[in-house]
Amino acid sequence: MGNFTVFCPTACGIMHTPCHRFIATATGMYRPGAGRVPVFLLQLLWSDSMATRYTIPLLLWLLCLVPAGISHAAGNVLPELPDWQVLEFEEKAFWATARSRLEIVPVPDDPALWELDVLSSVVANSEQIKVRFDPATGRAVTRSRLSRGKEQRVKSYEYQATFILRKRRNPAADPALPPDQWPVASSRKVRYPPLEGDAVVTSPYMLVLLAQRLQAQGEDHTLNVVVHTDLNFYQVRLTSGNGIPIDVNYQVSGGETVRGRHETLAVALQVTPVAPAPEEDDFSLLGLQGDIILFFDRDSGLPVQVRGVAPRIGNTEINLKSVTMREAGQ
């Protein structure tokens with residue numbers, strides 16, 4: 001067989017030569033990630049005919065493209081949905097009971113997106129939030145917030161490349177009209193602040209999913225995202241570490257009640273306003289502010305408790321009260 005060397009066109013850094021080592025490489029037995037090669041190609045590679053000598057460089061070039069194509073396709077594969085479909089948190093403090101319900105589902109008309117639905121309430125105030133986001137990164141695509149209390153209003157956000165389109169809607173004269181069809185009271189473009197690199201801009205409740213993914217990697221891992229509230233932006237650094245034993249008491253929908261002291265992993269949030277600093281700090285997660293820590297059961301990976309500062313109450317914690325696990329195939 002003739003002597004020649006072919007450089008991989010995908011810049012993998014390997015110089016391919018016609019030897020047994022290359023055969024092992026081509027069949028996926030030497031270089032990780034290489035595609036399997038049909039037998040007739042191997043026969044051509046091992047042939048000593050003049051035609052084969054001229055065609056080998058082209059064949060090698062084609063073979064080098066196979067792993068690159070596989071890698072590109074794998075990058076487009078959506079991550080798996082979390083094992084849970086619905087999380088419900090609850091905590092009673094003095095006169096108030098705070099409740100939050102989170103659900104993650106695929107978007108029916110757009111399989112490339114997921115949707116986070118949140119319903120939170122405390123005393124007579126409530127909010128309903130819907131976030132459509134990129135499953136791989138948590139990047140927000142659209143968000144809406146329906147708030148009910150002394151006043152009712154809907155705020156919606158469309159995350160464009162260079163700005164966020166923010167709209168506010170007030171109740172319509174016709175009470176039968178759904179909130180997303182209320183008349184627009186105001187509309188404005190919110191410009192992004194200067195951000196580093198390809199920063200992921202997301203929403204506060206998305207931190208629960210992102211923290212769960214981070215703790216699944218173990219201790220001493222970090223993740224940086226930018227959280228958008230209404231008009232403000234916050235740099236949030238998530239850090240995973242060892243947790244503390246937590247007394248849990250929650251119901252698995254259609255199953256058992258989980259009680260007892262469980263070992264946990266923790267994810268701490270370091271929240272810093274992005275300049276210019278906001279006139280009023282409006283960052284919160286599950287109604288908590290300040291130094292927020294999420295605790296995840298080491299065995300199940302479920303978020304069993306969130307600690308922080310509750311307005312007018314002080315340091316407090318909100319606990320997982322029930323979970324609905326996702327059915328197979330969803």
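Predicted model: local features only at pLDDT ≥ 70, side-chain atom pairs only at ≥ 80, totals over all residues.
Let's start with a pocket: the lining of the second largest pocket is made up of five nonpolar, four polar and nine charged residues. Of the 18 residues that line the second largest pocket, K130, S144, V154, S156 and D180 lie nearest its centre. Rolling a probe the size of a water molecule over the atoms shows where empty space is left.

Which strands supply the lining of this pocket? At least two residues each come from β6 (125-133), β7 (140-148), β8 (152-159) and β9 (163-169). The one that gives the most is β7, with five residues.

Next, find D230, in the loop that links β12 (222-228) to β13 (233-242). Is D230 buried or exposed? Its relative accessible area is 15%, and buried means under 20%, so D230 counts as buried. Setting aside residues up to four places away in sequence, D230 touches R143, K155, Y157, R166 and D282. With one of these, K155, there is also a polar contact between the two side chains, at 3.0 Å.

Now move to a helix. Helix α4 spans residues 206-215, and nine of its ten residues are buried, so the rest of the structure largely encloses this helix. Among the buried residues of α4 are M206, L207, V208, L209 and L210. An α-helix has 3.6 residues a turn, so residues three or four places apart point the same way.

Strand β16 (residues 264-273) and strand β17 (residues 289-297) run antiparallel and are joined by six bridges.

Six bridges hold the antiparallel pair β18 and β19, and V309 finds its bridge partner in N315 of β19.

Which other strands does β19 pair with? Strand β3 (residues 84-93) runs antiparallel to β19, with six bridges between them. Strand β14 (residues 246-252), by contrast, pairs with β19 in the parallel sense over two bridges, and there Q251 stands opposite S322.

Strand β19 covers residues 314-325, and N319 sits within it. At 13% relative accessibility N319 is buried. N319 is the bridge partner of E90, and its contacts beyond four places in sequence are E88, F89, E90, E91, V304 and Q305. The side chains of N319 and Q305 make a polar contact at 2.8 Å. R307 is twelve residues from N319 along the chain, and their C-alpha atoms are separated by 8.8 Å. As you look along these strands, bear in mind that in a regular strand the side chains alternate between the two faces of the sheet.

Definitions and conventions. Residues numbered from 1 in each chain as written. Heavy atoms only, no water. Pairing = 2+ DSSP bridges. Helix = DSSP H or I, 4+ residues; strand = E, 2+ residues; numbered from the N terminus. 1 Å grid on protein atoms, 1.4 Å probe; cavity = no way out; pocket = protein on both sides within 12 Å on 5 of 7 lines; lining within 4 Å. Nonpolar A, V, L, I, M, F, W, Y, C, P; charged D, E, K, R; others polar. Buried < 20%, exposed > 50% of the residue type's maximum accessible area, 1.4 Å probe, protein only. Polar contact = N/O pair within 3.5 Å; in protein donor to acceptor, adjacent residues only side chain to side chain. Contact = heavy atoms within 4.5 Å.
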